[in-house]
Amino acid sequence: MTQSLPGPWPAHGGARPGRAALPVVVVGAGPYGLSVAAHLRGAGVPVRVFGEVMGSWRHAMATGMFLKSTPDAVDLSAPEPGGRLADFLQVHGEPELTERTPIPCEVFVRYGQWFQKQYVGEVEPARVAAVDLATAGAGFAVRLDDGQELAAAAVVVATGLNGLAHIPGELRGLVPEGPGPGAPVSHTSQHTDLSRYAGRRVAVVGGGQSALESAALLHESGARAQVLVRENGVLWGTTPEQARSWTRRIGRPASPLGTGWILAAVCRAPGGVRHLPAAARLLLFRRALRPSGGWWLRDRVEGVVPVRTSCRVVRAGTDGSVVRLDLAGPGGVAEALDVDHVLAATGYRLDLDAVPFLSPAVRGALRQVPGSRAPWLSPGFESSVPGLYFTGSLAAPMFGPMMRFVAGTGYAAARVALDRVRRVAGTG
């Protein structure tokens with residue numbers, strides 16, 4: 001719905017004198033979509049946003065989950081002061097959150113909805129069905145799922161991880177029609193309520209936060225869960241130190257993604273990451289952050305939920321309603337495991353083919369990062385198709401791992417807006 005917003009420029013439908021009248025279409029209304037829209041609007045650029053506000057956070061997170069990040073790493077980006085999570089909590093009279101306070105997902109969702117009302121205005125619930133090049137001149141033809149068509153000066157893809165969930169090949173054969181909560185295999189992104197598995201045997205495949213927290217929630221809901229981890233151990237985050245000595249601050253500087261010089265560097269200079277060779281960027285993207293569990297989750301898993309390390313699924317089949325997993329354990333020892341369901345906490349794969357609304361002509365014109373299925377991007381997050389921008393995880397192979405997290409919204413949103421302003425003004 002349309003809200004009364006700060007600042008002199010409308011959320012969409014008008015532009016500053018001399019600016020093109022066509023809007024920028026933002027596809028997605030999660031942290032990146034909302035932040036980009038807020039900055040565009042603050043710069044006087046007409047913008048229309050399509051999607052469900054915080055939709056993935058509402059529908060791809062199981063009830064009872066918490067954010068792994070600390071409060072200072074989950075602020076959405078507004079073009080003026082007052083839009084931080086701390087501001088939202090203060091406005092609503094809610095307790096301040098510290099580094100030692102895990103953030104419930106439902107609090108973060110409410111924060112995103114408040115941010116939308118304060119800084120973005122109307123978000124249209126229609127789904128973008130197709131984005132194609134305009135038949136005459138620059139720009140794009142955008143078609144919605146209700147059949148409506150509109151012209152756009154530019155398009156920002158801010159769809160997060162939608163459609164990018166990865167199911168390993170060893171498990172895909174069990175679900176030829178696709179994974180799902182009622183199928184033998186599902187992905188963690190497909191659940192809002194894990195209590196449906198109460199009393200059932202569930203194998204959770206993965207060793208990161210999603211796997212470990214899902215296993216804890218399954219156990220607490222009455223399921224018989226166990227975790228299968230490929231690595232030889234589980235990595236846990238350390239309890240935050242509220243007062244670090246100067247020597248520790250110098251030796252391991254803090255960043256939104258954790259402590260250490262590498263993480264601090266990639267967070268402070270995403271633009272610098274872009275100048276690294278493609279192979280180095282991809283290595284950084286894949287290895288800068290190892291799968292781990294939040295420090296506050298450890299007591300709910302260790303000694304509570306069985307965790308098998310150095311264990312991988314080599315084959316999978318079904319016998320009636322039972323799923324049989326052939327496992328390779330330490331030293332290559334084989335073992336069979338029978339369960340009622342497999343929950344894949346196996347992450348996401350970046351792939352432009354999983355962005356279904358891009359037309360074949362647009363997709364075919366996109367230059368990709370060598371060794372990846374992600375788009376090559378300019379310093380302003382523009383792809384090789386003029387006027388088409390990508391933010392969030394799809395930008396991580398160019399700008400580094402911070403783009404995989406909410407902490408990257410400030411850098412991305414400011415640069416997309418600046419790039420559009422320059423181009424409309426003819427200086428870009």
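These legends walk through several close-up views of a predicted model.

**View 1. A buried salt bridge joins R48 and E124****.** Let's begin with a charged pair: R48 and E124 form a salt bridge, and their closest N and O atoms are 2.8 Å apart. R48 belongs to strand β2 and E124 to strand β5 (residues 123-124), so this pair ties together parts that lie 76 residues apart in sequence. Are the two partners buried or exposed? Both R48 and E124 are buried. For context, a search of the whole structure finds 17 salt bridges.

**View 2. D87 meets R84 in two ways****.** The side chains of R84 and D87 form a salt bridge, with an N to O distance of 3.2 Å. A polar atom of the D87 side chain also lies 2.9 Å from the backbone nitrogen of R84. D87 sits in helix α3 (residues 85-91). With a relative accessible area of 13%, D87 counts as buried, whereas R84, at 45%, is partly exposed.

View 3. E302 is partly exposed at 44% relative accessibility, and R298 is partly exposed at 35%.

**View 4. Four arginines make a patch of positive charge****.** On the surface, R172, R286, R287 and R349 gather in this patch. One of them, R286, is found in helix α10 (residues 278-287). Its relative accessibility is 54%, so R286 counts as exposed.

**View 5. W246, I250 and W261 form a nonpolar surface patch****.** The patch made by these three residues covers about 410 Å². W246 lies in helix α7 (residues 246-251) and is exposed, with a relative accessible area of 57%.

**View 6. M54 and F381 have positive phi values****.** Most residues other than glycine have a negative phi. Which phi value does M54 have? For M54, phi is positive, at about 55°. This residue is in the loop between β2 (47-50) and α2 (55-59), and M54 counts as buried at 0% relative accessibility. F381 also has a positive phi, near 70°. You will find F381 in the loop between α12 (360-364) and β20 (388-390); F381 is buried, with a relative accessibility of 0%.

Notes: Residues numbered from 1 in each chain as written. Predicted model: local features only at pLDDT ≥ 70, side-chain atom pairs only at ≥ 80, totals over all residues. Heavy atoms only, no water. Patch = residues over 30% accessible without salt bridge, like charges linked within 9 Å, V, L, I, M, F, W, Y side chains within 5 Å. Areas by Shrake-Rupley, 256 points an atom, 1.4 Å probe, with all protein chains shown as cover. Lys, Arg positive; Asp, Glu negative; His and termini not counted. Charge placed at Lys NZ, Arg CZ, Asp CG, Glu CD. Helix = DSSP H or I, 4+ residues; strand = E, 2+ residues; numbered from the N terminus. Buried < 20%, exposed > 50% of the residue type's maximum accessible area, 1.4 Å probe, protein only. Polar contact = N/O pair within 3.5 Å; in protein donor to acceptor, adjacent residues only side chain to side chain.
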